[in-house]
Amino acid sequence: MSSNHQNVSIKGQSTDFPLSFEEWEKKASSLMQEGGYSYARSSAGREETARRNVEAFGKWAIVPRMLSNVSDMDLSVTLFGRTYGHPFLIAPVGVQKLAHPEGELATARAAAAMNIPFILSTVASHSIEEVAAAAPDGSKWFQLYWSSNEDISFSMVERAEKAGYEAIVVTVDTIMPGFREGDIRNQFSPISKGLGKANYINDPVFMKALPNHDEASIVASLLENMYTPALHWKHIAKLKEKTKLPVLLKGILHPEDALTALEYGVDGIIVSNHGGRQLDGTIATIDALPAIAEAVQKRMPILLDSGIRRGTDAVKALALGADSVLIGRPFLYGLASNGQQGVEKVLERLFQETELTLALSGIPDLSQMGRLKMVRD
Ligand SMILES: Cc1cc2nc3c(=O)[nH]c(=O)nc-3n(C[C@H](O)[C@H](O)[C@H](O)COP(=O)(O)O)c2cc1C
């Protein structure tokens, strides 16, 4: 065997698959169609937010603890009564058929196999019910893009409840689409192509409200429903009355909004800037987290996404007050590269690096995160 092809194996990890995020991205970009890859990669405006998300992790440094006996590592975390093996979730990412023909079905199966929650997007290429059938035992949460016809929102939430989903994630940073130059240049909108309509065409309230059932009317109505500039806290109050499931808000960056969420009885928040795809020029999520954690004082779970690329990033987020983190583009590139197995490999590597980072930092389980000091350049 030539040294290039040696099966370098560290704790079961081989080099048969890409290792770093950059390598997965390179592989995905060679396999995906240009418009689809550009849609996945691109962010809004000058892509300042997207860049800052990643760079900001490099500005935070771990001050590790020694002599802590880390021979027995336990990375489990409990969220809304269910315990998961690792502090990760699959972020809601729309139209996953762009990455792989099995789309969300493959990702949901991977999440179930790895014992972490899968969050299904409103604009998924497979419906709430199809995903539930594909991964019946896995933990599934439903991400809601509020509909301007709010009865559609409530109908989707009811379907998610019936299909066994365990939480509702309302994305609050996407009341209109961001200014993504890559997509404008390529004239590429998977939603306009009808690739994200599965949850709408399977919704009785949406279909009933449609004047015509042809493709063009479906897409036009879907886009109209997604435009929700009037979205307000009062809608969240109404949703809380309609569902028994925990409600989380995704897209919170300001501590005052976190406090208002608590006042409205919201059950958790996701500190997110949508991977820089919505508002360009925002604070990096890892920089927004400390003030939010300080305001919330552990009164509800805080999750975080945008820019998590390695286990060290996850550990920094956990040390600064997150209970768990969401993986976005990294899993999508795993899906594009190798389907379900690719997603599992991406997660496996993240889990392994997270465990190693915690062990070398002297933290054997997540209840001890408070012992880890973080400093910023
Ligand atoms: C291609 C793509 C599609 C996305 N679709 C959705 C979506 O439908 N709903 C949503 O709430 N967030 C969506 N997001 C945002 C992710 O949930 C997450 O916030 C983001 O990917 C985090 O940034 P990162 O991937 O750079 O780490 C999408 C992200 C990407 C890359």
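Author: Happy to; we will go through some helices, strands, core residues and loops in turn.

Author: One thing to know at the start is that this is a predicted model.

Reader: Nice. Which residues of α3 are buried?

Author: In α3 the buried ones are T49, A50, N53, A56 and F57. Looking down the axis of α3, these buried residues fall within an arc of 135°, so they line one face of the helix.

Reader: And what covers those buried residues?

Author: The cover includes β1 (60-63), α13 (285-296), β10 (302-304) and α14 (311-319).

Reader: How about α2, which residues are buried there?

Author: G35, G36, Y37, S38, Y39 and A40 are buried in α2. That is six of the eight residues in the helix, which runs over residues 34-41, so α2 is largely enclosed by the rest of the structure.

Reader: What do they pack against?

Author: The buried residues of α2 pack against α1 (21-31), α7 (181-186) and α15.

Reader: Switching to strands. In β7, which way do the residues point?

Author: Strand β7 covers residues 168-171: I168 and V170 point one way, V169 and T171 point the other way, and all are buried. As background, side chains in a regular strand alternate between the two faces of the sheet.

Reader: Which strands does β7 pair with, and is the sense parallel or antiparallel?

Author: β7 pairs with β6 (residues 140-144) in the parallel sense over three bridges. β7 also pairs with β8 (residues 247-252), again in the parallel sense, over four bridges.

Reader: I see a helix in the path from β6 to β7. What kind of unit do they make?

Author: β6, helix α6 (residues 150-162) and β7 make a right-handed β-α-β unit.

Reader: Okay, core time. How many residues are in the largest nonpolar core?

Author: The largest nonpolar core has 116 residues, and W141 and I269 are those with the most contacts inside it. The largest share of this core, eleven residues, comes from helix α15 (residues 329-361). In general, nonpolar side chains of soluble globular proteins tend to be buried together.

Reader: What does I269 touch?

Author: Leaving out residues up to four places away in sequence, I269 touches a list that includes L248, L249 and I252, and also I292, V296 and M300.

Reader: You mentioned α15. Is S361 buried or exposed?

Author: S361, which lies in helix α15, is buried, with a relative accessible area of 4%.

Reader: Let's look at loops. What is the phi of V95?

Author: Phi of V95 is near 35°, a positive value in a residue other than glycine. V95 sits in the loop between β4 (88-90) and α4 (103-113), and at 2% relative accessibility V95 counts as buried.

Reader: And N115, where is that one?

Author: N115 is in the loop between α4 and β5 (118-120). N115 also has a positive phi, about 55°, although it is not a glycine. At 34% relative accessibility, N115 counts as partly exposed.

Reader: Last one: is A216 buried or exposed?

Author: A216 is exposed, with a relative accessible area of 55%. A216 is in helix α10 (residues 215-226). A216 and S192 are 24 residues apart in sequence and 8.8 Å apart in space, C-alpha to C-alpha.

Notes. Residues are numbered from 1 along each chain as its sequence is written. This is a predicted model: local features need pLDDT of at least 70, side-chain atom pairs count only at pLDDT 80 or more; totals for chains, interfaces and linings use all residues. Side-chain values use heavy atoms; hydrogens and water are left out. Buried means under 20% relative accessible area, exposed over 50%, partly exposed in between (1.4 Å probe, protein chains only). Helices (H or I, at least four residues) and strands (E, at least two) are DSSP runs, numbered from the N terminus. The arc is that of the directions from the helix axis to the C-beta atoms. Contact means heavy atoms within 4.5 Å. Two strands pair if DSSP finds at least two bridges between them. A crossover is right-handed if, with the strands pointing away from the viewer, the path from the first strand over the helix to the second runs clockwise. A nonpolar core is a set of buried Ala, Val, Leu, Ile, Met, Phe, Trp, Tyr and Cys residues joined through side-chain atoms within 4.5 Å.
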